[in-house]
Amino acid sequence: MSPQFVDFDADGRLDIVVGTYDGSVHWSRGSAAGWSEPVHVLDLAGEPLLISAFWNETSKKWDDTNRCAPPGWQGPGHLTSAVAFDWDGDGDLDLLLGDHKRGHVLLRCNEGSAKEPRFAVRNEVVHADGAPLVVPGTVATLRLVDWNGDGLLDLAIGTMGDALGEGPGGAVLVHPNVGSRTATRYGAALTLVPTSQKGWSAPVRPDSGLYMDFADADGDGDLDLVVGGYSHWRPVAPALDEAQRARVEVLRRELEVLEQQERQLREELSAAVAGIEDQELLSKKYSELYKAQSAQREALDQQQEPLQSELEKLAPGARRAPFVWFYENVAR
């Protein structure tokens with residue numbers, strides 16, 4: 001879900017290409033006046049480019065399809081990232097698609113021209129080191145970079161990792177292009193930032209949702225790395241006396257009562273809209289009921305905030321916050 005600035009239609013102006021969470025690829029045409037409204041990138045049949053999972057604008061719900069599946073495809077897959085480059089050296093831009101659900105990287109070939117992109121109706125499996133390219137931790141973003149300075153574009157991948165729980169986090173990998181300008185072929189992954197195992201007592205690195213870019217930030221002639229992502233940590237708890245430990249238990253009980261009241265509001269809301277098939281009516285009804293509960297929700301929030309703040313000082317819980325990290329390339 002990170003944009004790429006690229007001349008997608010060979011008109012001499014930079015466009016924006018991006019894979020989005022709705023499961024498709026969008027592009028905004030550049031002009032002297034700026035960028036146009038984003039539209040779907042379409043295939044030869046006039047359909048949006050997908051892996052399989054997508055947000056269905058007609059039914060207003062998540063859907064799934066196998067219409068783009070390559071032979072032998074083992075889905076599902078959820079496209080959230082895309083990057084354009086000339087895969088086969090024929091002078092037009094093809095698309096690599098990143099899978100947020102299971103970590104595949106797929107190719108959609110441009111069967112048109114540089115000025116009039118027309119994409120195949122099916123994806124192709126991308127291989128690395130002789131096997132289908134499947135990324136541990138799933139794909140957060142794709143980038144193209146000549147990491148080893150051989151004149152060929154290598155494939156950099158920032159991985160998602162466990163974004164909410166205690167499982168392994170993300171990494172930054174590079175698959176070197178060991179083919180040629182007319183026949184891209186990827187080798188085994190090089191690890192630039194290893195998979196996070198978390199467990200820190202302070203924010204020390206990007207742990208999940210790693211989005212990276214490359215530049216010679218310090219002007220020493222090599223590529224450095226900038227990575228945005230969430231850091232996960234759990235502060236060291238202070239030593240508590242008996243009275244403080246008792247207070248912690250009281251706070252937890254009081255917060256549980258308030259959380260139960262919140263759950264009850266959610267359950268009432270779900271029960272009130274259960275069985276409504278019409279998506280427009282369901283959305284309208286849900287919004288009305290949610291608004292009617294706003295005073296109750298606000299009152300609960302006001303009660304929870306001071307209790308949670310006090311509890312965090314006595315017994316800090318797991319924390320997660322976004323940062324941007326700089327990695328200097330120290331290779332010589």
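The following legends describe close-up views of a predicted model.

**Figure 1. Aromatic pair of Phe8 and Trp27 in the predicted model.** Eleven aromatic pairs are present in the structure. In the pair shown here, the ring centres of Phe8 and Trp27 are 5.1 Å apart and the planes meet at 55 degrees, so the arrangement is classed as tilted. The pair links distant parts of the chain, with Phe8 in the loop between E1 and E2 and Trp27 in strand E3 (residues 25-28), 19 residues apart. Phe8 and Trp27 are both buried. Together with Phe119, Phe8 and Trp27 form one aromatic cluster.

**Figure 2. Aromatic pair of Trp87 and Tyr186.** The ring centres of Trp87 and Tyr186 lie 5.9 Å apart, and the planes stand at 65 degrees; the angle is over 60 degrees, so the pair is edge-to-face. Trp87 belongs to the loop between strand E9 (79-85) and strand E10 (94-99), whereas Tyr186 belongs to the loop between strand E17 (172-175) and strand E18 (190-193), so the pair ties together parts that are 99 residues apart in sequence. Trp87 and Tyr186 are both buried.

**Figure 3. Salt bridge between Arg205 and Asp207.** The structure has a count of nine salt bridges. In the one shown here, the side chains of Arg205 and Asp207 meet with an N to O distance of 3.7 Å. Arg205 has a relative accessible area of 10% and is therefore buried. Asp207 also counts as buried, because its relative accessibility is 0%.

**Figure 4. Salt bridge between Glu310 and Arg247.** The closest N and O atoms of Glu310 and Arg247 are 2.8 Å apart. This pair links distant parts of the chain: Glu310 is in helix H3 (residues 294-314) and Arg247 is in helix H1 (residues 242-273), 63 residues apart. Glu310 is partly exposed, with a relative accessible area of 29%. Arg247, at 30% relative accessibility, likewise counts as partly exposed.

Figure 5. Arg252 counts as partly exposed at 42% relative accessibility, and Glu249 counts as partly exposed at 39%.

Figure 6. Asp218 is located in the loop between strand E19 (208-215) and strand E20 (224-233). With a relative accessibility of 34%, Asp218 counts as partly exposed.

**Figure 7. Nonpolar surface patch of Met1, Tyr21 and Trp62.** These residues make a patch of about 310 Å². Tyr21 is situated in the loop between E2 and E3. The relative accessible area of Tyr21 is 41%, so this residue is partly exposed.

**Figure 8. Positive phi at Ala10 and Asp129.** Ala10 is not a glycine, yet it has a positive phi of about 55 degrees. The residue is placed in the loop between strand E1 (4-6) and strand E2 (15-19). Ala10 has a relative accessible area of 26% and is partly exposed. A positive phi of about 55 degrees is also found at Asp129, again a residue that is not a glycine. Asp129 lies in the loop between strand E13 (127-128) and strand E14 (131-132). Its relative accessible area is 58%, so Asp129 is exposed.

How values were computed
Residues are numbered from 1 along each chain as its sequence is written. This is a predicted model: local features need pLDDT of at least 70, side-chain atom pairs count only at pLDDT 80 or more; totals for chains, interfaces and linings use all residues. Side-chain values use heavy atoms; hydrogens and water are left out. Helices (H or I, at least four residues) and strands (E, at least two) are DSSP runs, numbered from the N terminus. Buried means under 20% relative accessible area, exposed over 50%, partly exposed in between (1.4 Å probe, protein chains only). Rings of Phe, Tyr and Trp (its six-membered ring) pair if their centres lie within 6.5 Å; planes under 30 degrees apart count as stacked, over 60 as edge-to-face and the rest as tilted. A salt bridge is a side-chain nitrogen of Lys or Arg within 4 Å of a carboxyl oxygen of Asp or Glu. Patches are made of residues with over 30% relative accessible area and no salt bridge: like charges are joined within 9 Å, nonpolar side chains (Val, Leu, Ile, Met, Phe, Trp, Tyr) within 5 Å. Accessible areas come from the Shrake-Rupley method with a 1.4 Å probe; for residues, only the protein chains shown count as cover.
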